[in-house]
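Me: I have a structure to go through with you, and I'd like to know what stands behind each label. Could you set the values against the definitions?

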Amino acid sequence: MKKNRGQGSGVRGQKDRLTSHVLRLTVFMLFSIYCSLFTAFAASDDFRQRASQGDESFSEEDDVKAEVIFGRGLAARILGKHSFYEDEKLNKYVNKLGKGLAQFANRPEIEFRFAVLDTDIVNAYAAPGGYIFVTKGALRNMEDEAELAAVLAHEIAHVSERHIVKELNIKGTEVSPVSGFARVLGGGTGAVKAVFTQMVDKAAEILFEKGLKKQDEFDSDRVATMIISTAGYDPSALKRYLKKISSAAKETKTLTDTHPSFDERIKNVDSILADNQLTEKKQARVKERFEERSRGLRGKE
Amino acid sequence: MNKKIFVLQFAICTLHFALFAFSGVADAADLYVQSVKAPILSAPSLGSPKLAEAKKGEPLKEMEKQGNWHKVSYKDKTGWVSRLLVGQRPPAAKVSVLESSGEKLETGARKRASAFTTAAAARGFAEERSRVSDKYKVDFAKVEHMEAVKVSDEEALAFLQEGVGK
């Protein structure tokens, strides 16, 4: 009997060991599946991230920081060349309108800022990182808020489409020609700092002398039309403004030196309006508010 | 005892697996609205009738891409959204280099110079704000003046909408 009991407990022991092995194996298999799935998911996520870096890498925080710091340097050069137009009411107006329009672009991480420059030159400038300027000369040629919105939206588009950023390959990462940009900002060597200064000077040359690529200007006109029409302004406002200043050829010489000809731009805007069925679309022009806020400017003519 | 441990391990694995599968589903959106609002249109053209309006941060499922337009499904609607209003990641918070780090290159150099005058001057850091570029006059004080103008996104949007009558 003792022997049999001994045999019985031996069988139970074997069963327990078998159950234990099966359970161990099951857990091991589940763990393996889990690990392989995790790796697969992680890899696909990493791949997606890398694949998107081609056109999306600038939304990385370091790249945006580099863009803003670069833009500050360029804004400092624009403001070294031109003074502010001192009109608190007009300045606040341009900032409210500009910041409202910027929310219809795809760069929510950028803090857009606006200023009016005290010069009769008819122009507007955008520095990376959201620093936007419009001249007193340009404002005097505008008839309503929709036209001002169109000019500001054109500049917002240069920022949202990262035209200068792409042209000069500004990044916060080590792969940038301005290598270690973010590190530089924490205290770089004199040599690295000199590279930064040269790069910003190059951007200033683009704004003041050479101009951006023709295609960048056409793209900004397209984005501007999208921004103003989505915001509720007259989609033809940019065309109206371009037509008006094209006749003031002498005053607008600087603009034609750095931008495609007015004829080319008007033709491009015409095709944007036609492609989007906006040629005949009537939306707000907001004349009264514009005239009221820019009265000071006109009084000083 | 062993059984209890295995059952516990099994439960943990199952739970992890379930959580992982769920996070995969939650991450299914292809595009996120970056602008304050994005009209979903019946055709890839700005003048087309509006089917719906997605708000900033809302996910959209991409079905097709055509030039500057994405065909997307949003709630129970299928329509077109401009690529200029969307992005592949949820909208990011505003990036500030002014408050977060104080890492201003050209002005930062001047500030460091005041703390370590001799060493900094030897490394060429003691430049005046107006002499950082040989080619252009540089005025960071005016940039700071420009940055001091505060208008919130909400205030600006309300102002714009009041103007266009929306």
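Here are my questions, with a reply to each.

Me: Before we start, what should I know about the model and its numbering?
Reply: This is a predicted model, in which local features need pLDDT of at least 70 and side-chain atom pairs count only at pLDDT 80 or more, while totals for chains, interfaces and linings use all residues. Residues are numbered from 1 along each chain as its sequence is written, chains are lettered from A and ligands numbered from 1 in the order in which they are written, and side-chain values use heavy atoms, with hydrogens and water left out.

Me: How do you know what confidence the predictor has in chain A?
Reply: From pLDDT, the predictor's confidence in each residue, from 0 to 100. Chain A has a mean of 81, and 71% of its residues reach 70 or more. Residues 1-7 of chain A stay under 50, with 0 contacts beyond four places in sequence; a contact means heavy atoms within 4.5 Å. Residues 38-59 of chain A also stay under 50, but the model has 26 such contacts for them.

Me: And what are the values for chain B and for the complex?
Reply: Chain B averages a pLDDT of 77, with 62% of the residues scoring at least 70. Over residues 21-27 of chain B the pLDDT is below 50, and this stretch has 3 contacts beyond near neighbours in sequence. For the complex, the predictor gives an ipTM of 0.76 and a pTM of 0.76.

Me: What makes a space in this structure a cavity, and how many cavities of 30 Å³ or more are there?
Reply: On a 1 Å grid over the protein atoms alone, a cavity is a set of points where a 1.4 Å probe fits but cannot get out, and its lining residues have an atom within 4 Å of a point.

Me: Which residues lie nearest the centre of the largest cavity?
Reply: Ala126(A), His158(A), Ile164(A), Leu207(A) and Leu212(A), out of 20 lining residues. The largest share of the lining, 4 residues, comes from E2(A). Strands are DSSP runs of E with at least two residues, and helices are runs of H or I with at least four, numbered from the N terminus.

Me: What makes H3(A) roughly perpendicular to H5(B)?
Reply: Their packing angle is about 95°, with the axes 7 Å apart, and that makes H3(A) roughly perpendicular to H5(B). Residues of H3(A) including Tyr93(A) and Leu97(A) meet residues of H5(B) including Leu157(B) and Phe159(B). The contact divides into 7 nonpolar, 1 polar and 4 charged residues. Here Ala, Val, Leu, Ile, Met, Phe, Trp, Tyr, Cys and Pro count as nonpolar, Asp, Glu, Lys and Arg as charged, and the others, Gly among them, as polar.

Key
1 Å grid on protein atoms, 1.4 Å probe; cavity = no way out; pocket = protein on both sides within 12 Å on 5 of 7 lines; lining within 4 Å. Axes fitted to C-alpha atoms, helices over the stretch in contact; angles between N-to-C directions. Parallel < 35°, antiparallel > 145°, perpendicular 65-115°, else oblique.
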